[in-house]
Amino acid sequence: MSYKSELYQQVILDHNKNPRNYRKIEDATSSCLGHNPLCGDRITVYLKLDADNKISDISFSGDGCAISKASASLMTTFVKGKSIDDVKVIFDEFHKMIIGELDTGKTGHHLGKLTIFEGVREYPARTKCASLAWHTLKCSLEKKGETTME
Ligand code: ZN
């Protein structure tokens, strides 16, 4: 097993066992329920924005496979404190990375530790698990209330 896939396994296991920001924010600015019918993952993302349109707090709840939960957990720790504009850039890069349109070793990016999910591109059925939390975050920013992965 390569160093990267070993690290990937460890991160997935750790965040699945001990998900970060796994709670409901009672006074959230907005929230959205995301559903991935292919796998059965259901995740709600809660957001709190401050006056400068920065994410002052973010959390998630729900249930899903290890990848969807670990991705949601890692996402919440990564975007907290960031502005909506930053999050849009990161969302776009993350999406391109997992569908294989962005090679993090060759192209500049802002993904930091999120590059752990780059290996998901090898498993097309799992890319929706990894991106569900991100689509749900986007949905929450757009205040749509609900989103389903097509
Ligand atoms: Zn899943």
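**View 1. Asn21 sits in a loop.** Asn21 is found in the loop between α1 and β1 (30-36). Helices (H or I, at least four residues) and strands (E, at least two) are DSSP runs, numbered from the N terminus. This is a predicted model, in which local features need pLDDT of at least 70, side-chain atom pairs count only at pLDDT 80 or more, and totals for chains, interfaces and linings use all residues. Residues are numbered from 1 along each chain as its sequence is written, and side-chain values use heavy atoms, with hydrogens and water left out. Asn21 is not a glycine, yet its phi is positive, at about 55 degrees. Is Asn21 buried or exposed? Asn21 is buried, with a relative accessible area of 16%. Buried means under 20% relative accessible area, exposed over 50%, and partly exposed in between (1.4 Å probe, protein chains only).

**View 2. Asn53 also has a positive phi.** The value for Asn53 is about 60 degrees, although Asn53 is not a glycine. Asn53 lies in the loop between β2 and β3. Its relative accessibility is 42%, so Asn53 counts as partly exposed.

**View 3. Arg23 joins a network of salt bridges.** Arg23 is found in the loop between α1 and β1. The network links Arg23, Asp57 and Lys80. A salt bridge is a side-chain nitrogen of Lys or Arg within 4 Å of a carboxyl oxygen of Asp or Glu. Which residues does Arg23 contact, leaving aside its neighbours within four places in sequence? They are Tyr46, Asp57, Ile58, Ser59, Phe60, Ser61 and Lys80. Contact means heavy atoms within 4.5 Å. Arg23 counts as partly exposed, at 34% relative accessibility. From Arg23 to Ile84 the separation is 61 residues in sequence and 21 Å in space, C-alpha to C-alpha.

View 4. How many salt bridges does the structure hold? It holds 9. Asp14 is partly exposed at 34% relative accessibility, and Arg20 is partly exposed at 26%. Another salt bridge joins the side chains of Lys69 and Asp63 (4.0 Å, N to O). Lys69 is buried, with a relative accessible area of 14%. Asp92 and Lys96 also meet through their side chains in a salt bridge (3.4 Å, N to O). Both lie in helix α3 (residues 84-98), 4 residues apart, about one turn of the helix. Asp92 is partly exposed at 37%, and Lys96 is partly exposed at 32%.

**View 5. Cysteines and an aspartate hold the zinc ion's donor atoms.** The protein donors are Cys39 (SG), Asp41 (OD), Asp41 (OD), Cys65 (SG) and Cys129 (SG), lying 2.2 to 2.7 Å from the zinc ion. Donors are N, O and S atoms within 2.8 Å of the metal (3.2 Å for Na, K and Ca); water is not among the atoms, so sites may look incomplete. Along the chain, the donors follow the spacing C-x1-D-x23-C-x63-C. Cys65 lies in the loop between β3 (55-63) and α2 (66-79), and Cys129 in helix α4 (residues 124-141), so this pair ties together parts that are 64 residues apart in sequence. Both Cys65 and Cys129 are buried.

**View 6. Helices α1 and α2 pack together.** Two packed helices are described by the angle between their axes and the distance between the axes. Here the angle is about 80 degrees, and the axes of α1 and α2 are 8 Å apart. That makes α1 roughly perpendicular to α2, a label for angles of 65 to 115 degrees; under 35 counts as roughly parallel, over 145 as roughly antiparallel and the rest as oblique. Axes are lines fitted to C-alpha atoms, for helices over the stretch in contact, and angles run from 0 to 180 degrees between N-to-C directions. Where do the helices meet? Tyr8, Val11, Ile12, His15 and Asn16 in α1 meet Ala66, Ile67, Lys69, Ala70, Ser73 and Leu74 in α2.

**View 7. The largest nonpolar core has 37 residues.** Phe117, Trp134 and Leu137 touch the most other members. The elements giving two or more residues to this core are α1 (3-17), β2 (41-49), β3, α2, α3 and α4. A nonpolar core is a set of buried Ala, Val, Leu, Ile, Met, Phe, Trp, Tyr and Cys residues joined through side-chain atoms within 4.5 Å. Not counting residues up to four places away in sequence, Trp134 touches Ser71, Met75, Val79, Ile90, Phe91, Phe94 and Leu114.
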